[in-house]
Amino acid sequence: MRLLNRSAGRLSQHRRGPLAGLVVLLLGLLLTGGLYTVLAPAQAQKAESDAELVAKGRELFLVGCSFCHGQNGEGISTARPGYQIGPSLVGVGAAAVDFQVGTGRMPMAQPGAQVPRKEVQYSEEEIAALAAYVASLGPGPAIPSEQDYSLEGLSEEEREEAVVRGGQIFLTNCTACHNFDGSGGAMPQGGYAPQVRGVEPKYIYEAMLTGPQAMDNFTNGNLSPEMKRDVIAYLQSLETTPEYGGFGMGGIGPVAEGLFAWLVGIGSLVGFAVWIAAHTTRTSKDKVEA
Amino acid sequence: MDTTKIASTNGTTAATTGRPSPLAGVGTWADERLGLATAMKKQIRKVFPDHWSFMLGEIALWSFVVLLLSGVFLTLWFTPSMAEIQYEGSYDQLRGIHMSEAYASTLNISFDVRGGLLMRQMHHWAAMLFIAAMLVHLMRVFLTGAFRKPRELNWVIGGVLILLGIVEGFAGYSLPDDLLSGTGLRIADGLVKATPVVGTYMSFFMFGGEFPGELIIPRLYIAHVLLIPGLILALIAAHMLLLVYHKHTQWPGPGRTEQNVVGYPLLPVYAAKAGGFFFIVFGVCATMGGLLAINPVWKYGPYDPSKVTAGSQPDWYMGIAEGLLRIMPGWETHIFGVTISWNVFLPGQIAPVALLMMVLAWPFLEAWVTGDKREHHLLQRPRNAPTRTAFLAAMITAYGLLWAAGGNDILALKFNLNLNYITYFMRVAIFVVPVLVFFLARRWCISLQRHDNEVLLHGYETGIIMRSPEGGYSERHLPISTERAYSLTARDRDVVVPDPQPTDGQGVRDKGYPVRKLRARLSQGMFANNVQKPTTSELEEAHHHAEHEHELEHASGMDRPADGHQFDGHADHTPDEAPLRGH
Ligand code: HEM
């Protein structure tokens with residue numbers, strides 16, 4: 001013990017030496033390198049990087065999200081019972097994080113009726129890290145992969161059937177909030193269901209899977225993965241088909257049509273009436289009295 | 001006289017008549033049997049006055065013609081049946097879906113009939129314009145007092161036409177059997193069912209059983225293509241005949257009296273203008289039908305009572321009923337085990353009809369209050385009937401508010417508003433804002449009347465600022481032309497009914513007193529604040545005064561621009577060489 005102490009003491013005399021930093025670094029590298037070759041088979045390597053991802057995610061979470069969602073994602077209640085600064089994220093899954101952070105909704109800027117889309121705050125790797133961390137809190141839906149929502153591998157006929165089926169599922173489950181054309185609709189108390197036309201397929205899938213904010217949650221038990229895929233196929237088919245009728249006036253239905261009837265239709269016709277009445281070959285002459 | 005065209009002679013033989021032109025032959029043939037020339041001569045020479053606002057009714061007429069034309073086209077392919085079939089047409093997104101034949105045939109018209117979608121869209125746009133034009137036309141007639149004797153009947157016909165047009169439009173957009181038309185029918189079903197006591201029976205009668213049943217579309221179809229268009233056509237004919245019989249009203253002006261009509265003869269000028277206007281209306285319908293998507297039924301999908309879409313609204317002319325339904329609190333009464341749904345009955349059945357009836361009844365109320373039994377062919381300017389004008393302004397405001405309330409979700413979505421707050425706001429606004437608008441519009445009219453009198457008495461404002469030798473500034477007024485003065489004064493003075501006595505001279509109680517008192521009160525409310533045109537002596541005095549002023553101005557050199565030398569003797573020319581301004 002004394003020897004150890006002494007040698008440590010002697011070593012420590014050199015700890016501020018010019019080369020000490022270098023030596024320690026080399027030693028450290030040697031040690032980790034050696035350990036790595038000895039201890040790391042292929043699977044453990046992935047587990048390691050996953051753990052790293054989770055650790056990185058936790059760090060990001062602590063900085064950006066814990067203020068509202070708690071140090072461990074357990075949620076923070078307000079003094080008013082039933083209200084929360086941020087809900088618990090245990091079990092919401094990676095899909096929820098990917099959706100919320102990937103569309104810029106989280107980190108939330110301010111509380112309110114709506115958590116709107118805004119500029120995305122995190123890079124893709126950071127979002128993956130955050131998702132991995134939240135997923136580690138409890139089992140939940142994973143981020144869907146491209147195969148989950150692409151029609152790749154289906155025959156032409158099967159694709160058409162998928163689109164038709166998707167259209168019916170969309171009309172049954174989504175139009176009540178998102179409108180027949182996916183143009184969005186109002187929700188009570190200042191909230192709204194946003195436009196879904198033009199949203200990336202991954203986020204449509206995740207929205208259905210996790211039911212963000214006021215939206216219902218369409219679990220795989222409710223809408224099977226194929227059904228979700230079909231809804232996405234339908235929405236995408238709407239984007240590739242032309243607007244057969246012409247300009248759609250926002251795709252919000254008869255209110256816009258009525259407005260156009262008055263402003264464009266009656267407006268122009270009254271204009272024409274004024275024009276016709278003002279233009280006559282013989283405005284002042286030749287009026288006949290009967 | 002050159003007779004070679006009708007007879008040939010060389011001067012020695014008897015003349016032989018030339019061959020009449022075939023057209024003339026037909027004309028003569030018809031005239032000898034039908035007496036058309038004689039009957040039509042008067043009509044052809046009928047004179048129509050010229051003003052843009054007199055063409056608003058024509059917009060309605062011509063859009064009805066567009067409706068007839070495009071509607072007949074649609075009937076060739078539309079199948080009014082609710083029998084279920086599987087769609088096999090060209091629209092990919094619905095292929096293989098089970099739907100009613102009505103919906104399938106509408107898709108078929110849209111995608112597989114050449115020009116079908118254009119016709120559908122023209123038909124729908126023309127329907128929107130038809131009813132809008134009737135309302136604008138109604139506003140013109142109302143604001144100018146054109147409904148007064150002898151035209152009351154035509155006013156009522158117009159009102160019935162609007163009602164029929166709305167019902168026809170509703171029947172029309174229910175035909176395609178898409179999600180939106182089914183939702184509309186569901187609301188109609190709710191409205192009917194909300195009738196106390198007999199509601200359910202009526203609904204079952206209408207739908208031939210439980211909603212939606214299999215009968216409603218064939219029934220609506222017959223109403224839409226035969227019954228109501230027939231009625232509308234007959235009423236339009238009556239409307240036009242009465243118009244020709246009464247002759248058109250005209251704005252007052254020199255040479256225009258209650259006994260004559262000044263304008264263009266039907267042929268050729270007026271007919272050319274009106275005929276040309278048809279092509280313009282047709283063109284606007286075709287342009288809108290070609291460029292603006294209306295009622296894209298393929299996106300709504302077939303009707304299914306379990307589905308609904310955000311943005312479910314009726315066509316705009318039903319927007320007022322929709323708005324009333326949306327802002328009505330959920331009041332219900334339960335008595336004897338029966339529920340009376342005031343929340344649907346009042347806003348759905350009572351209020352919209354009451355609002356329309358108020359407007360339609362106004363002319364009769366006005367006639368009763370004024371007791372005016374004379375014929376009127378000269379129009380009134382809106383400002384000269386302030387209460388009437390303000391009443392319509394209030395009604396238009398109510399209409400606009402209710403339409404907005406019917407689109408509350410669209411407003412909330414597009415302007416980032418709170419849906420609930422819009423509803424609360426409308427609940428109050430519908431009672432408050434029209435009243436405010438009423439008083440504001442009335443004040444506005446009265447100020448305009450005052451302004452007219454100012455112009456009559458003191459001339460118009462020239463915009464020329466004069467500086468008197470004392471240094472004061474004033475604006476130069478010049479008298480208006482005699483024609484303008486005539487037009488401004490060609491109106492009657494309002495007669496205000498004085499308060500009646502509760503008893504007659506002998507102290508006997510007057511039985512009609514309450515009614516008479518009501519009439520006096522209304523008369524005072526309607527007319528007491530109006531500004532009357534100046535009397536002859538007022539006018540003469542004002543003109544006398546003005547002449548005197550102008551003399552003074554001329555004497556002091558104020559009616560000419562000053563060159564700065566008028567008092568120093570260095571003026572290079574006499575003031576008269578530089579007149580102030582030609583007018
Ligand atoms: C007062 C005049 C009329 C009004 C206001 C009116 C209004 C309408 C409306 C709003 C629609 C729905 C169109 C759509 O978007 O699909 C419709 C459909 C239809 N109308 Fe009319 N209409 C009128 C007269 C007529 C006439 C005179 C006919 C034929 C004789 C006619 C035949 C049809 C047919 C067959 C349809 C169903 C076809 C379809 O929906 O594509 N309409 N009407």
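**Annotated binding site**

UniProt positions are given in the numbering used here, feature names are shortened, and annotations may be inferred rather than shown by experiment. In this predicted model, the residues that an unreviewed UniProt entry lists under "binding site" are A:Cys174, A:Cys177 and A:His178.

**Basis of the model**

Residues are numbered from 1 along each chain as its sequence is written, while chains are lettered from A and ligands numbered from 1 in the order in which they are written. The model is predicted, with local features needing pLDDT of at least 70, side-chain atom pairs counting only at pLDDT 80 or more, and totals for chains, interfaces and linings using all residues; side-chain values use heavy atoms, without hydrogens and water.

**The two cysteines**

A:Cys174 lies in the loop between α8 (156–173) and α9 (175–178) of chain A; helices are DSSP runs of H or I with at least four residues, numbered from the N terminus. With a relative accessible area of 11%, A:Cys174 is buried (under 20%; exposed is over 50%, partly exposed in between, with a 1.4 Å probe and protein chains only). Beyond residues up to four places away in sequence, A:Cys174 touches A:Ile169 and A:Asn179, contact being heavy atoms within 4.5 Å.

A:Cys177 belongs to helix α9 of chain A and is partly exposed at 29% relative accessibility. Its contacts, leaving aside neighbours within four places in sequence, include A:Met187 and, from chain B, B:Ala310.

**A residue of chain B**

B:Val197 occupies the loop between α7 (179–193) and α8 (199–207) of chain B. B:Val197 is exposed, at 74% relative accessible area.
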